[in-house]
Amino acid sequence: MSESAKRSQAYTAAGVDIEAGNLFVSRIKDMVKSTFTPGVATDIGGFGGLFKPEIAGMEAPMLVAGADGVGTKLKLAFMFDKHDTVGIDLVAMSVNDVLVQGATPLFFLDYFATGKLESGVAEQVVSGVCEGCRQSACALLGGETAEMPGFYPDGEYDLSGFAVGMVDTPRLVTGKEVASGDVIIGLGSSGAHSNGWSLIRKVFDASGLKATDTFPGTDRTAAEVLIEPTRIYVKPVLELMDAMTIKGMVHVTGGGFYDNVPRILPENVTARIEFGSWPMLPVFDWLKTEGDLSWPEMLQIFNCSIGYILILDADSADRAMEMLDARDDVDAYRIGEIVKREGASEQVEVIFP
């Protein structure tokens, strides 16, 4: 037994394996380094991560920060014993949020907590975090792995994450310039993303569908469809920002269309959305049917195949669609327009056929 192991015997007996934690950190170093960008000025293992942002050419750099988790979608990771995608969800939920204000994600920090550290599972989770960071071109600058015996059920863990981005203040996207006549463009989601999972799990449990069954309307298993990670919109949106002015953006998360879109609208306008102007993923048709839900209920809870929204003036919309259609990492649709708000009416009006 090593001297370190001897010194840690009492803690190990209490359920915390320091040696296993140190080994885990050593095993993920190369994965983490694969996310490093030029601003990283530290190595993994320090008390704090160091990052030196490039601010040349910026008039007034502003930091934008976001924090989020994966929610009860983690329950499906436990159920399906699939842990390499929830890390992508974790990164996506925060980097898509800071992107809404026009910020380029700089770095990400993760927090992984469990009752007993299972290094194989933890490595799968971190591999997903690293993949999410690579997709968003931000560095995994550091994080925390917490082993807390008796706090979590066996085989379960929790995740949270924190993203920091930067935007030049003149390029900050606030939504305050959104006006009647502007065009609403929706970017396709990959599925239910990381919202609404308490209801999705309830519907799944009641449906009798098994993880290995073919999911209705697809040639994939139920596990593959349901665990599909959240799409990251950073690269296509930043490319658009370099080419034109985007007046407003929305990350469609918990609260769906009705709660998220008004967050960036001036009081005098309404977002009029044409339902049916984009294709619906099979998972949402299934949720509506199996959950006995109406489409207004669905749009209140889920992203319903639109994970991110852009609002541009009419002159820019055609060019934006051309640029988005030329990419293979995102699908884009004209889904509505901004109109003058009438009285105290709701700021999201969905027009059903």
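How many bridges join strand β5 (residues 183–188) to strand β9 (residues 332–340), and in which sense do the two run? Five bridges join them, and the strands run antiparallel; two strands count as paired if DSSP finds at least two bridges between them. This is a predicted model, in which local features need pLDDT of at least 70 and side-chain atom pairs count only at pLDDT 80 or more, while totals for chains, interfaces and linings use all residues. Residues are numbered from 1 along each chain as its sequence is written, and side-chain values use heavy atoms, with hydrogens and water left out.

**Overall build**

- The chain holds 13 helices and 10 strands; these are DSSP runs numbered from the N terminus, with helices being H or I of at least four residues and strands E of at least two.
- Along its principal axes, the C-alpha trace spans about 75 × 55 × 35 Å.
- Of the contacts between residues at least 6 apart in sequence, 83% join residues at least 24 apart, where contact means heavy atoms within 4.5 Å.

**Burial, surface and charge**

- Buried residues account for 49% of the 353 residues; buried means under 20% relative accessible area, exposed over 50%, and partly exposed in between (1.4 Å probe, protein chains only).
- The chain carries 28 positive and 50 negative charges, and their mean positions lie 3 Å apart; Lys and Arg count as positive and Asp and Glu as negative, while His and the chain ends are not counted.

**Strand β9 and its partners**

- In the pairing of β5 with β9, Ile185 stands opposite Arg334 of β9.
- Strand β7 (residues 269–274) also pairs with β9, in the antiparallel sense and over five bridges.
- Val269 has Lys340 in β9 as its bridge partner.
- In a regular strand, side chains alternate between the two faces of the sheet.

**Positive phi in loops**

- His193 is not a glycine, yet has a positive phi of about 55°.
- His193 sits in the loop between β5 and α7 (197–207), and it counts as buried because its relative accessibility is 0%.
- Cys304, also a residue other than glycine, has a positive phi near 50°.
- The loop between α12 (295–301) and β8 (306–312) contains Cys304, which is buried with a relative accessible area of 0%.

Definitions and conventions: The place of a charge is taken as NZ of Lys, CZ of Arg, CG of Asp or CD of Glu.
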